[in-house]
Amino acid sequence: MHEPLAIETDVLVIGSGAAGMYAAIEASRGGARVFLIDRSLIGRGGATVMAQMTVAAALGEEVPDAPRHHYDDTIAAGRGLCDEALAQLLCEEAPACIRELDAWGVGWARKDNHITATTAPGHDRPRCVYVDFINTGPAVSKTLRTVMARNKDIRKAGDICIVDLVACSDGEIAGAVGWHVGSGAAVVIAAKATVLATGGLTRLYRRNSASLNMGGDGYALALRAGASLIDMEFVQFFPIGHLAPRLVGMDPIMWDPFRYKLGGRLLNGRMEEFTSRYGSDEDGKYVLPRDLATYAIFKEVEAGRGSPHGGAYLSFEHCSAAALRAAFGPVIDRLAANAIDLTRMPVEVAPIAHYHMGGVIADAQMQTELPGLFAAGEVVGGANGANRLSGNAITEALVFGRRAGRSAAARAKALARKDLRPQGARAALDVVSDGHGSGLNTAAMIARLQAVLADDVGPFRTAAKLSRAATEIAALAEELGDHPPRLAGATDAGFDLQRLEWFDLRNMLVVARAVTHSALARTESRGAHQREDHPQMLPGWRRHQRVRLAAGGLQLSGAPAEVLV
Amino acid sequence: MSTVATLKIRRGSHGEPARWQSFEVPFEEGQSVLDGLRWLRINKDPTLAMRFSCINANACKECMIQLDGETVYACTARLEPREMTLTPLPNKTLIRDLVTEIAPPSERFK
């Protein structure tokens with residue numbers, strides 16, 4: 001094999017959603033040379049670009065507001081499990097980040113010359129800003145990319161698959177080893193500080209609302225480097241993901257903004273309102289919390305009262321064509337191209353994997369347990385406890401990204417004279433250079449894993465289902481083996497998608513194990529983790545579970561009794 | 001009416017002679033060309049290289065290819081019960097199969 005390409009930088013940022021891009025910008029402002037990479041293309045993969053509408057921040061421009069009110073709502077939604085320092089940072093620094101993006105020209109929707117906000121479920125007042133028409137994520141992403149384009153100290157590269165973090169001789173994280181998907185070349189990146197900004201794990205589920213590269217890479221990289229994860233059992237399901245009729249060119253969570261602006265009626269297969277059966281009347285308004293709505297739809301389907309495709313109906317038939325046009329402009333034309341006329345027909349919706357509350361442990365400086373490694377955005381665990389408040393995802397990406405960039409630059413400056421050499425690169429490089437023809441159908445294996453998680457590690461869990469999932473995940477890991485495939489007979493190694501999927505699966509499987517075993521151990525129901533065999537929320541379980549890799553196994557702690565799985 | 005779509009795909013990497021390969025995929029009203037390509041990779045040939053990220057939202061703009069000589073997004077182009085010819089973008093450097101170098105120069109690895 002060729003010698004690996006060696007790159008040296010002050011700050012390495014892995015992942016180019018809002019968290020990674022903001023970290024890169026802030027680290028550069030702190031005087032650092034930055035290398036920003038992504039498994040997909042810069043600013044195109046990840047969750048940010050998919051965000052439809054709301055970003056929570058206590059701006060107080062339309063009604064009086066303050067970060068402490070935002071904090072109270074965040075803590076209440078988190079069902080007793082929010083990391084208070086992270087939640088406080090999120091709420092306190094949100095307005096400054098929103099205003100900085102405003103100055104950069106993101107285009108927040110305005111009324112009467114000030115930034116306007118909507119009231120998302122769980123917020124006590126209008127607090128969620130947005131860019132019309134359901135263009136928040138693309139606008140945030142494009143704005144940050146444009147800011148980076150003006151900055152020569154930020155080097156960027158898409159199509160880089162990171163295989164492992166590497167440490168220097170004193171054990172501190174000193175960069176990463178990966179390969180360039182476009183050419184197949186191995187890459188060793190030496191960095192004085194590394195920021196993980198890889199997002200969540202929604203790709204583990206069959207129906208999900210995020211991009212292809214959200215397979216939990218950062219969780220797996222952190223685990224293999226020796227860090228702990230917390231709260232891995234808490235996967236948030238978005239209750240009204242689009243189900244039917246087939247709708248192309250729109251994100252499946254698109255009905256959220258429709259509900260903010262127009263209310264809408266949630267109906268079962270018999271066209272009856274049903275949420276009152278589960279303790280919450282909607283009355284045409286959008287107030288139902290995500291965990292309760294998911295439960296209500298699931299139970300209606302279970303009782304044989306689901307819509308034809310196994311969800312619920314969402315109806316805007318009471319709205320006039322003019323009202324729909326005023327609220328959503330060009331989106332109405334995109335619906336028409338899919339033969340959907342909301343004045344005449346309901347659509348079908350069902351819960352869909354949306355966000356992960358758990359993740360890498362970090363303090364309010366975004367420092368992880370490992371010196372030299374910082375984390376930002378969804379990959380960080382704890383800020384949102386057992387259930388994330390609507391609108392906090394992009395906010396945490398911005399706030400945590402900015403903070404991580406600042407911390408990483410400070411470390412790089414402090415270590416300016418230190419010659420950091422990754423020592424542990426050999427093992428990772430061995431995996432990168434490994435390769436042989438293989439009959440593995442990696443695409444089918446990913447589909448199988450997604451089915452296992454969707455069917456047995458979804459929002460409603462039992463010991464029997466979780467145990468079955470654990471067995472199937474172990475079997476998939478056995479099948480995957482330790483040696484990545486390589487296209488046989490290829491004249492070059494460019495864009496070997498099967499090989500890339502092998503590395504994706506290597507990460508997805510260890511993360512799936514962490515989620516499944518954490519869920520099995522938590523013998524209560526709380527927020528996004530609902531155990532049908534343990535339906536009560538128990539005071540004794542108001543604690544975080546941690547998971548780390550030790551002695552070849554996953555070690556789980558924090559439960560009333562420590563368990564090794 | 002036919003219940004399959006036939007995807008005729010130009011295969012091969014940069015510098016290799018083109019190979020043409022046809023696959024039948026199940027046709028269902030309303031599906032996208034990307035739905036067909038994803039089905040094909042899972043059920044027939046996982047070695048097919050293609051670029052996509054957001055799957056359905058038309059947000060990432062990564063799945064640009066040519067369909068019968070017209071540039072389209074595979075995620076919004078509709079699958080049809082006929083032969084559909086899929087080729088990589090002609091004005092971008094070919095990497096493999098349907099994948100071309102579409103990143104702006106400042107965002108590429110070099």
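What follows is a set of questions and answers on the terms used for this predicted model.

Q: How do you know which residues and values count here?
A: Residues are numbered from 1 along each chain as its sequence is written, chains are lettered from A and ligands numbered from 1 in the order in which they are written.

Q: What makes residues of chain B and chain A count as in contact?
A: Contact means heavy atoms within 4.5 Å. By that rule, 40 residues of chain B touch 50 residues of chain A.

Q: What is meant by the area buried between chain B and chain A?
A: Buried area is the accessible area (1.4 Å probe) that two parts lose on being put together, summed over both. Here that comes to about 3400 Å², with carbon and sulfur atoms giving 52%. On the chain B side, B:Arg96, B:Glu107 and B:Phe109 supply 22% of the area that chain B buries against chain A, more than any other three residues.

Q: Why is the pair B:Arg41 and A:Glu501 called a salt bridge?
A: The rule asks for a side-chain nitrogen of Lys or Arg within 4 Å of a carboxyl oxygen of Asp or Glu. The side chains of B:Arg41 and A:Glu501 meet at 2.7 Å, N to O, so the pair qualifies.

Q: Which elements of chain B supply at least two residues of the side that touches chain A?
A: Helix H1 (33–43) and strand E6 (94–96) of chain B each do so; helices (H or I, at least four residues) and strands (E, at least two) are DSSP runs, numbered from the N terminus. The largest share, three residues, comes from H1(B).

Q: How do you know that the span of H10(A) is close to the expected one?
A: The expected span is 1.5 Å times one less than the number of residues. Helix H10 (residues 392–414) of chain A has 23 residues and reaches 32 Å from its first C-alpha to its last, against 33 Å expected.

Q: Why is H10(A) described as largely enclosed by the rest of the structure?
A: Because 18 of its 23 residues are buried, where buried means under 20% relative accessible area, exposed over 50% and partly exposed in between (1.4 Å probe, protein chains only).

Q: Why is A:Arg79 called partly exposed, and what makes A:Asn113 exposed?
A: A:Arg79 has 26% relative accessibility, so it falls in the partly exposed range. A:Asn113 has a relative accessible area of 73%, so it counts as exposed.

Q: Where in chain A are peptide bonds cis?
A: One joins A:Ala244 and A:Pro245, with omega about -5 degrees. Another runs from A:Asp132 to A:Phe133, with omega near -20 degrees.

Methods: Predicted model: local features only at pLDDT ≥ 70, side-chain atom pairs only at ≥ 80, totals over all residues. Heavy atoms only, no water.
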